[in-house]
Amino acid sequence: MKFKRHKYGAKKVHKYGKKFDSMLECFFFERLVANGITFEFQRKEVLQGKFRHNDKAVREVAMYIDFVITHNGKIYFIDTKGFFTDIARLKYKMLTHKLFMQGKDFDVMFIKNKKEAENIALLMKSITQNLG
């Protein structure tokens with residue numbers, strides 16, 4: 001396992017052939033796998049498509065969501081955020097608006113520490129196994 005410091009103090013982790021943005025993200029990944037939960041990892045969501053204005057290209061606005069779990073038509077977007085920047089807040093508002101306008105059944109969750117990661121992993125286990 002290799003570590004590299006992130007600009008907000010998080011340590012990037014290379015483990016299981018994957019690159020994690022933080023040790024918390026890796027920890028939650030391990031909890032989901034240990035609980036047998038099927039999920040997408042680091043899914044890209046385009047919040048605003050690219051376009052041209054006055055002959056200049058304007059790039060898309062996109063974000064990567066750490067974990068996406070779909071069960072019975074409901075989508076759970078889960079992100080590990082030890083530090084929440086203003087840009088991250090804005091992107092999550094844009095994601096919420098996009099999903100709401102598409103009529104999706106969804107929930108957005110943020111994990112700040114290992115205790116929350118463990119609790120959300122257990123919640124996802126109970127939901128996906130129809131216990132909750």
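Helices (H or I, at least four residues) and strands (E, at least two) are taken here as DSSP runs and numbered from the N terminus. The structure is a predicted model, in which local features need pLDDT of at least 70 and side-chain atom pairs count only at pLDDT 80 or more, while totals for chains, interfaces and linings use all residues. Residues are numbered from 1 along each chain as its sequence is written, and side-chain values use heavy atoms, with hydrogens and water left out.

The protein chain holds 3 helices and 9 strands, arranged along the sequence in the pattern β-β-β-α-β-β-β-β-β-α-β-α. Its C-alpha atoms fill a box of roughly 50 × 40 × 25 Å along the principal axes. Of the 132 residues in the chain, 36% are buried, where buried means under 20% relative accessible area, exposed means over 50%, and partly exposed lies in between (1.4 Å probe, protein chains only). With contact defined as heavy atoms within 4.5 Å, residues 24 or more positions apart account for 48% of the contacts with a separation of 6 or more.

For charged groups, Lys and Arg count as positive and Asp and Glu as negative, with His and the chain ends not counted; a salt bridge is a side-chain nitrogen of Lys or Arg within 4 Å of a carboxyl oxygen of Asp or Glu. Glu25 is buried but has no salt bridge, and the nearest side chain of opposite charge, that of Lys81, is 7.8 Å away. Residues up to four places away in sequence aside, Glu25 touches Lys19, Phe20, Phe41, Gln42, Asp66, Phe67 and Thr80.

The pairing of H1 with another helix comes next. Two packed helices are described by the angle between their axes and the distance between the axes. Here axes are lines fitted to C-alpha atoms, for helices over the stretch in contact, and angles run from 0 to 180 degrees between N-to-C directions. The axes of H1 and helix H3 (residues 114-128) come within 9 Å and cross at roughly 25 degrees. H1 and H3 are therefore roughly parallel to each other, given that angles under 35 degrees count as roughly parallel, over 145 as roughly antiparallel, 65 to 115 as roughly perpendicular and the rest as oblique. On the H1 side the contact is made by Leu24, Phe27, Phe28, Arg31 and Leu32, and on the H3 side by Lys114, Ala117, Glu118, Ile120 and Ala121.

Ile37 sits in the loop between H1 and S4 and is buried at 6% relative accessibility. Its C-alpha atom is separated by 7.4 Å from that of Met124, 87 residues apart along the chain. Leaving aside neighbours within four places in sequence, Ile37 contacts Leu32, Ile69, Ala121, Met124, Lys125 and Thr128.

Salt bridges number 9 in total. One of them joins Lys15 and Glu30, with the closest N and O atoms 2.9 Å apart. This pair links distant parts of the chain, as Lys15 is in strand S2 (residues 11-15) and Glu30 in helix H1, 15 residues apart. Lys15 is partly exposed, with a relative accessible area of 26%. Another joins Glu45 and Lys98, with the closest N and O atoms 3.0 Å apart. Glu45 lies in strand S4 (residues 40-48) and Lys98 in helix H2 (residues 86-101), so this pair ties together parts that are 53 residues apart in sequence. Glu45 is buried, at 7% relative accessible area. Arg89 and Asp86 form a further salt bridge, with their closest N and O atoms 4.0 Å apart; being 3 residues apart in helix H2, they are separated by about one helical turn. Arg89 is partly exposed at 43% relative accessible area, whereas Asp86 is exposed at 64%. Salt bridges that share partners join Glu40, Arg43, Glu45 and Lys98 into one network.

Most residues other than glycine have a negative phi, and most peptide bonds are trans. Gln42 has a positive phi, near 55 degrees; this residue lies in strand S4 and is partly exposed, with a relative accessible area of 28%. Asn72, also not a glycine, has a positive phi of about 50 degrees. Asn72 is placed in the loop between strand S7 (61-71) and strand S8 (74-80) and counts as exposed at 66% relative accessibility.
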